[in-house]
Amino acid sequence: MQETSSALLSRLKWALFWRFIVAFLSLSAVLLYNLPFKEPPFFPSRFLAAYIILIIALFSSIIYFLSFKIFTRRLKELTIFQITADIFLTTLLVYCTGASASIFVTVYFLLILFANLLVSARVGLFFATLSTILLSVISILYSISSAGHFNLPLLTVDYVKSTAQGFRFIFPYLFFFTLIIHFIAYSFGRLVNALNYERILKSKILHDMTSGIIVLSPQGKIIYANPQTHQMLGIQVGQKQFLSTQDINISLEGFLNTAERLDISQRQRFLEFGRRFLSQNYNNTTTPFILKVYSANGDDYNLLDIKASFWKTVSDKLSGVIILLDDITLEQKLQETSKQSEFLRSLQEMSFSVAHEIRNPLSSIRGAVQELSRQLKNQMVSNQTKLMQTVIKE
């Protein structure tokens with residue numbers, strides 16, 4: 001899965017911070033190695049080169065940090081370029097400080113971890129191979145030079161002979177170095193991929209949920225709110241600078257003050273609900289309440305079912321509060337429609353019952369009048385016959 005630019009930028013900043021720390025500590029280590037200064041500290045040439053390399057690493061961290069604003073859409077390419085440059089700077093530093101005997105060989109492992117963490121496992125394996133090749137070249141050059149075949153630039157013959165290792169040591173060393181650095185690159189790459197997949201999957205699930213989710217820190221700060229929350233409460237994402245990302249980190253009160261669909265009383269009710277949960281006044285994990293929010297023009301409304309639950313650690317320490325917002329407008333309307341249908345059905349049944357109770361005696365009355373009319377037909381005068389017909393008709 002692809003990293004988002006914001007996540008990559010955050011990791012790059014941390015990587016540059018530790019890059020600066022490592023370069024600073026390395027420069028200090030080289031200086032301490034020369035103590036006490038029996039000769040000018042910038043001589044011989046290999047120390048001068050080491051100082052220059054470490055100073056370049058220090059100042060390039062600042063340059064990389066400033067370039068983030070320029071190359072916002074090319075962060076991945078910038079990261080690959082940065083790690084590539086660091087691999088070659090490390091190789092020069094290792095060359096000046098004893099090749100395979102240099103303490104700076106361990107920097108290769110740090111760069112491989114950065115490559116996996118910042119880019120991908122495949123790029124991490126590529127840089128592991130590149131590091132192996134570069135270390136192998138300079139280690140073999142050291143061994144050949146110590147045998148007197150040629151001299152290495154910036155290095156004295158005595159220094160090369162005192163630090164170079166024989167081929168009986170170099171080849172096993174490089175073999176195990178290759179195995180270890182590739183094993184670390186592969187294992188850490190798989191671990192980072194698994195963690196990224198799980199993190200992005202969870203983020204995707206929370207982002208696409210139909211329910212709104214607000215996560216409060218123990219201090220009452222909102223550390224996460226998904227897009228559905230903004231939509232339900234009428235918060236325009238990007239309208240305020242602190243609402244441009246999902247990781248908000250503002251107070252619940254400040255967040256609710258930007259909700260266009262909430263009036264003052266509703267905001268205060270919502271705020272009180274969150275504060276009571278943060279103070280753990282509720283015994284139950286969920287104590288819901290219904291919030292009625294209107295649209296901007298007031299023509300329509302939605303009913304929000306607000307629930308909350310405690311987010312606690314294994315040691316039962318409060319880590320925050322998770323507030324869940326469910327739109328139950330349709331559910332409530334269906335319930336109202338169902339109640340109305342039930343009422344109409346009962347009314348219909350009652351009407352049928354009343355009609356039945358009225359129709360039965362009327363039928364008996366009509367039958368009796370018809371029989372009387374037949375029996376008294378020859379005895380009734382005209383107006384009596386008309387009255388009988390009116391009774392039957394009605």
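Glu342 is partly exposed, with a relative accessible area of 40%. On that scale, buried means under 20% relative accessible area, exposed means over 50%, and partly exposed lies in between, using a 1.4 Å probe and protein chains only. Glu342 forms a salt bridge with Arg345, and the closest N and O atoms are 2.1 Å apart. A salt bridge here is a side-chain nitrogen of Lys or Arg within 4 Å of a carboxyl oxygen of Asp or Glu. Arg345 is also partly exposed, at 38%. Both residues sit in helix α11, residues 329–375, and because they are three residues apart there, about one helical turn separates them.

Before going on, a word on the source. This is a predicted model, in which local features need pLDDT of at least 70, side-chain atom pairs count only at pLDDT 80 or more, and totals for chains, interfaces and linings use all residues. Residues are numbered from 1 along each chain as its sequence is written, and side-chain values use heavy atoms, with hydrogens and water left out.

How many salt bridges does the rule give? The count comes to three. Another of them joins Arg275 and Glu253, with the closest N and O atoms 3.6 Å apart. Arg275 lies in helix α10 (residues 264–278) and Glu253 in helix α9 (residues 252–256), so this pair ties together parts that are 22 residues apart in sequence. Arg275 is partly exposed at 42% relative accessible area, and Glu253 is partly exposed at 41%. Then there is the salt bridge between Lys307 and Asp305, at 3.8 Å from N to O. Is Asp305 buried or exposed? Asp305 is buried, with a relative accessible area of 12%. Lys307 is partly exposed, at 30%.

Now the protein as a whole. It has twelve helices and six strands. Helices are DSSP runs of H or I with at least four residues, strands are runs of E with at least two, and both are numbered from the N terminus. Of the 394 residues, 37% count as buried. Contact, from here on, means heavy atoms within 4.5 Å. Among contacts with a separation of 6 or more, 56% are between residues 24 or more positions apart.

Next, helix packing. Two packed helices are described by the angle between their axes and the distance between the axes. The axes are lines fitted to C-alpha atoms, for helices over the stretch in contact, and angles run from 0 to 180 degrees between N-to-C directions. Angles under 35 degrees count as roughly parallel, over 145 as roughly antiparallel, 65 to 115 as roughly perpendicular, and the rest as oblique.

Take α4 (residues 106–118) and α5 (residues 121–146): their axes come within 7 Å and cross at roughly 160°. The two are therefore roughly antiparallel. On the α4 side the contact is made by Tyr108, Ile112, Ala115 and Asn116, while α5 contributes residues including Ala121, Phe127 and Leu134. By class, this contact has nine nonpolar, three polar and no charged residues. For the classes, Ala, Val, Leu, Ile, Met, Phe, Trp, Tyr, Cys and Pro are nonpolar, Asp, Glu, Lys and Arg are charged, and the others, Gly among them, are polar.

How do α3 and α5 cross? The axes of α3 (residues 75–96) and α5 come within 10 Å and cross at roughly 20°. These helices are therefore roughly parallel. Residues of α3 in the contact include Ile80, Phe88 and Cys96, and those of α5 include Leu130, Ile138 and Tyr142. The contact divides into 13 nonpolar, three polar and no charged residues.

The remaining pair to describe is α3 with α4, packed at about 175° with axes 10 Å apart. That angle makes α3 roughly antiparallel to α4. Among the residues that meet are Thr79, Asp86 and Val94 in α3, and Val107, Leu111 and Leu118 in α4. This contact has nine nonpolar, three polar and one charged residue.

Last, Tyr301. Tyr301 is placed in strand β5, residues 301–312, and is partly exposed at 24% relative accessibility. Which residues does Tyr301 contact, leaving aside neighbours within four places in sequence? They are Arg261, Lys292, Val293, Tyr294, Thr329 and Lys333. Tyr301 and Thr329 are 28 residues apart in sequence, and their C-alpha atoms are 8.1 Å apart in space.
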